[in-house]
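Visitor: I am new to this structure and would like a close look at a single part of it, the sheet. Please set it within the chain as a whole.

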Amino acid sequence: MAHPIAEDAPLRTAEPRVSFLNDPVKRGLLVQFVLLVLVVGFFAWIVTNTAENLQRANIASGFGFLDYRAGFDIAQSVVPYSQDASYGYALLVGFINTLVVAVLGVVIASFIGLLVGIGRLSSNWLVRQISTAYVETFRNIPPLLVIFFWYFGVLAVLPQPRDALSLGFGFSLSNRGMFTPRPLFEPAFWVVVAGFAVGIAMTVAFSAWARRKQMRTGQQTRVLPAALALIVGLPLVLFVLAGSPMSLEFPQQTRFNLVGGLQVKPEFIALMLALSIYTAAFIAEIVRAGILAVSHGQTEAAHSLGLRPGPTLRLIVIPQALRVIIPPLTSQYLNLTKNSSLAVAIGYPDLVSVGGTILNQTGQAVEIVIIWMAVYLGISLATSLFMNWFNRRVALVER
Amino acid sequence: MFGQLGKQGWLIMKATSLPLALGLVLGLGAAAHAATLDDVKAKGFLQCGANTGLPGFAAPDNAGNWTGFDVDYCRAVAAAIFGDPSKVKFTPLSAKERFTALQSGEVDVLIRNTTWTMSRDTSLGLKFAGVNYYDGQGFMVRKDLGVSSALELSGASICVQTGTTTELNLADYFRANKMDYNPVVFEKLDETNSAYDSGRCDALTTDASGLYATRLTMKSPGDHMVLPEIISKEPLGPVVRQGDDQWFNVVKWTHFALLDAEELGVTQANVEEMKTSDNPEIKRLLGVDGTFGQAIGLSNDWVVNIIKGVGNYGEIFERNIGTSSPLEIERGLNALWTDGGIQYGMPVR
């Protein structure tokens, strides 16, 4: 009590003595820490519990089986595959098949979706009605049924390969899929490829020059004829000069199937068509919403500047609409990728189908399911990252 | 059809292997390991994993009742336990789902045209309780193809169900004979069959018994023929989980009892009279002498219950798949050892 002031002074400057739990910062840290422990603990429990259960049930576990010989065949593979390959390699084949369907599906669905979406806003009554009917039909049918429709309803009723429908030029259609001639390249063909590459490079340079000229003088130069001449004409001329260094192998009729040429299997066609057509219905609506989101004043302003409807759409409306379109479009791309696992119903060897075979041959359900989930998560996250990057780029267009 | 299935069965029908694997992850299966027989008795019914619809072996009839060779085996086990062959619920399982369903405890026993192989016995945590049907893999083709041997199938498209021994045998056979083929692989039996029926494939391959059964479901069964080659051994039998010897014995001895009953001439019709037989073997089998039933946790008249419920092995065979059934399959290897086959019931002694 001798120096009451000296003792009181530090107390005043110190923080008020409050409960630890009433400090929002510390409380936040505590809550986060507890949550982290719970989450880590939960997953640790899952892992150890699973391992224990598998051990107790005497079920083989671990990822060692990926190195074992697969022993089964896969009908469609982009990379060479034989039954001597490992389970791991077979999964890779399935993964690539999934990617092929997903990428092609995204491209085709975007194309159809863009057309139909614009069609719904067309001033032409018939186009508008057809587009509306398309969207309302395919948006409201489960994708699995659309797949079955194409596979069992359309492709399966095509004739046997013996009586295949000939489409001319060696193209034919049967219930074994579409057969086309296969180009066989001779060594001299590299000249044509080189001409093609040069043609593209020169077209890029030419269009850059045309743009600079337009900036400088205001005069427009038509790029398309030059581009056609360079990209198509140049390789064609080289092809003839080099003495046609390519021949075609036509599919030959054998006892059971057509052999030779290129074959596109019905499972692939059905899955591809179904996924594209189904997803395109959603994309069409997204495109329509995006275009409607651009104020009509923009279109009127463009028209008043003398732009025709085509360039107005291409140069004014779509760039602005893209900002609205891209985020929901990403979801549709992800949906299409994930829906590709419905392939299992019609025997297209995608990741789920091949994984299912391995699951049953090895009995290692937990491992296969983990691989499935990890791969789909990986594909989806990669797609999201790309689309987010693209979205940021498009967003910068706004001024 | 749903009326026949319990809630679990319905869930399984909707399920792929994902939720089943989840069962393993979360340890739901752990409880099922201890004493399956006690669990089944407490539950009041047997949960039997069956095929999704293979005529003659396991398929619901017009009235929604499951019938077939494998189904009767399920009923036999139920009769042995409860004295009532109807105390069984069926879970239809695809080839891909079947082992996980058994491992995770969703079903008590799997009787679903399942081939006994070494890896399935050793690395899946399962045990085969016997061979109720000796089968082999064959091919079915359209008659108008003009094929008379499997060796002429080079270049053919072949429909096959995924995740089966069939798929592996097929690959081995074509490689061994230096032939090419295009596999067309489906997950479900009906998808495989309808793809073949629609002409997507030139040939369908599965166990020979399955081919005869499938032929009945084709649009015009007469247009198809089974080729003579049998390319593999396919011993089909009931499967249980490892680590429960009592339950293993119940299933195994139900199978032997069915065989012994046929061998001793005990049938569904005469089982009551046979109880008064002087033959000591029959007396032991039917529980008149000894306590063999109690020794595996059942009542002593367990075999009487089985035979009353479903008949002996020969009766089950004839009724469902034999020459008097639509499948018209000969006994062949599945005749008793006394008739030139290899079905052999271990003695009850």
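**The sheet and its chain**

Guide: Chain A holds 12 helices and 8 strands, where helices (H or I, at least four residues) and strands (E, at least two) are DSSP runs numbered from the N terminus. This is a predicted model, in which local features need pLDDT of at least 70 and side-chain atom pairs count only at pLDDT 80 or more, while totals for chains, interfaces and linings use all residues. Residues are numbered from 1 along each chain as its sequence is written, and chains are lettered from A and ligands numbered from 1 in the order in which they are written.

Within chain A, 4 strands form an open sheet, and they follow one another in the order β1-β2-β3-β8 with antiparallel pairing; two strands count as paired if DSSP finds at least two bridges between them. The edges are taken by β1 (165-168) and β8 (262-264) of chain A, and because each has a single partner strand, one side of each is left without a neighbour in the sheet. From one strand to the next the twist averages 20°, with axes being lines fitted to C-alpha atoms and angles running from 0 to 180 degrees between N-to-C directions.

Inside the sheet, strand β2 (residues 171-174) of chain A pairs in the antiparallel sense with strand β3 (residues 177-180) of chain A over 3 bridges, and Ser174(A) has Gly177(A) in β3(A) as its bridge partner.
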